[in-house]
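Open the model in your viewer and keep the selection tool at hand.

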Amino acid sequence: MRYMYPTSTPAHRRVKESPLSSDAIFRQSHAGLFNLCIVVLVAVNSRLIIENIMKYGLLIRSGFWFSSRSLSDWPLLMCCFTLPLFPLGSFFVEKLAWNKCISKPLVISLHVLITTASILWPVFVILRCDSSVLSGLALMLFGCIVWLKLVSYVHTNYDIRALSNLAEKVPVYKVDLFHAGPTLCYQPTYPRSTCVRKGWVTRQALKLVIFTGVMGFIVEQYINPIVKNSQHPLKGNFLYAVERVLKLSVPTLYVWLCMFYCFFHLWLNILAELLRFGDREFYKDWWNAKTVEEYWRMWNMPVHKWMIRHIYLPCLRNGLPKGAAIVIAFLISAIFHELVIGVPCHLFKFWAFIGIMFQVPLVILTNYLQRKFKNNMVGNMIFWSFFSIFGQPMCVLLYYHDVMNRKVRASNG
């Protein structure tokens, strides 16, 4: 009957919402709009790249990758080779502890000495040498990773010994996979994959090289000229500083996203594949974070798991309230951010420390706004605004001008 009388067939049969209405927008697929955003983003940025090269020429220099000054960084390279000695020392201390050759207070004292020396040794070498910032940054990151792994190794073995009263208990102080693996949390065994996919590793390594080159291009072609033509954001004209921050926000965000992809997705997965390390959850969907707190819980899972296991939960077990435990976790994170950035720059203005501690009121504020608006889109936009538009470009400008001012004073002195 419907085909016999087509004009009389009802065209409106039930209540429906427009796909972009507030009641239906989150039930629809927006893959096409996402693809459109990618096409527009590629087109716009391609035009900007061509315009920039036509106006300024190719600014990439070989000195970005290697220079004669890099040869003066050999003390940092030697220091990097000595850092594995500290895990080896902890291993022998644990072996003596499991065999009950030394007392408990001596075990604790030796571990405190070894872990403290593991972080102070690279700091001493960097401050004594006039090395490049990039070399110092790499060494400090390696030193901090060694320190975090040592704390987890010592803390876990201490708990296991406290729970074990059997003399015939098999020791678990082995460190074969842990100190080389993409994790900061020690445990006797780890989930393992079945084999190493050599072709997959090759493809990921090629991506790593490409995206590292993209980062270098953006830094040399965009960020360096913007920063060199800027004033100190706290000492110049306010509107001019805001304009520089906003202009710097896009290339800084691109570099940060490339860095995240290169390190957390490509490098850690390559390392996990080569070592057959099974747990590949190095990050969660932090880009959907509705609050600053959600972001810090999802973007760096190795550090987050370490903080929960060795800082947050021990604080709660010792009777501290949840808020105090969170502040202590951010305090430790702020100290290490300052070490990683301030030591290679030979500068202690505590901008990184202040930036991380400023996350505490931001956590409170974004949690309040999320509860008030009860809208995931609003919370996510607020998070991106705080994080990418204002935070990172401001830190880049502050450290650049302070480092340049220090070098001028040193040359004049």
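The tour starts with a helix and then turns to aromatic rings.

This is a predicted model, in which local features need pLDDT of at least 70 and side-chain atom pairs count only at pLDDT 80 or more, while totals for chains, interfaces and linings use all residues. Residues are numbered from 1 along each chain as its sequence is written, and side-chain values use heavy atoms, without hydrogens and water.

Select residues 301-317, which form helix α9 (helices are DSSP runs of H or I with at least four residues, numbered from the N terminus). Its 17 residues reach 22 Å from first C-alpha to last, close to the 24 Å expected at 1.5 Å a residue (1.5 Å times one less than the number of residues). Go to isoleucine 308, where α9 bends by about 40° (the angle between axes fitted to the seven residues ending there and the seven starting there).

Next, show the aromatic rings: the whole structure has 25 aromatic pairs (Phe, Tyr or six-membered Trp rings with centres within 6.5 Å; planes under 30 degrees apart are stacked, over 60 edge-to-face, the rest tilted). Phenylalanine 217 and tyrosine 222 make an edge-to-face pair, 6.3 Å centre to centre with 70° between the planes.

Move to tryptophan 296 and phenylalanine 330, whose ring centres are 6.1 Å apart with planes at 85°, so this pair is edge-to-face. Tryptophan 296 lies in helix α8 and phenylalanine 330 in helix α10, 34 residues apart.

Finish at lysine 149, which lies over the face of phenylalanine 178, 4.7 Å from the ring centre (NZ of Lys or CZ of Arg within 6 Å of the centre and within 35 degrees of the ring normal).

Definitions and conventions
Helices (H or I, at least four residues) and strands (E, at least two) are DSSP runs, numbered from the N terminus.
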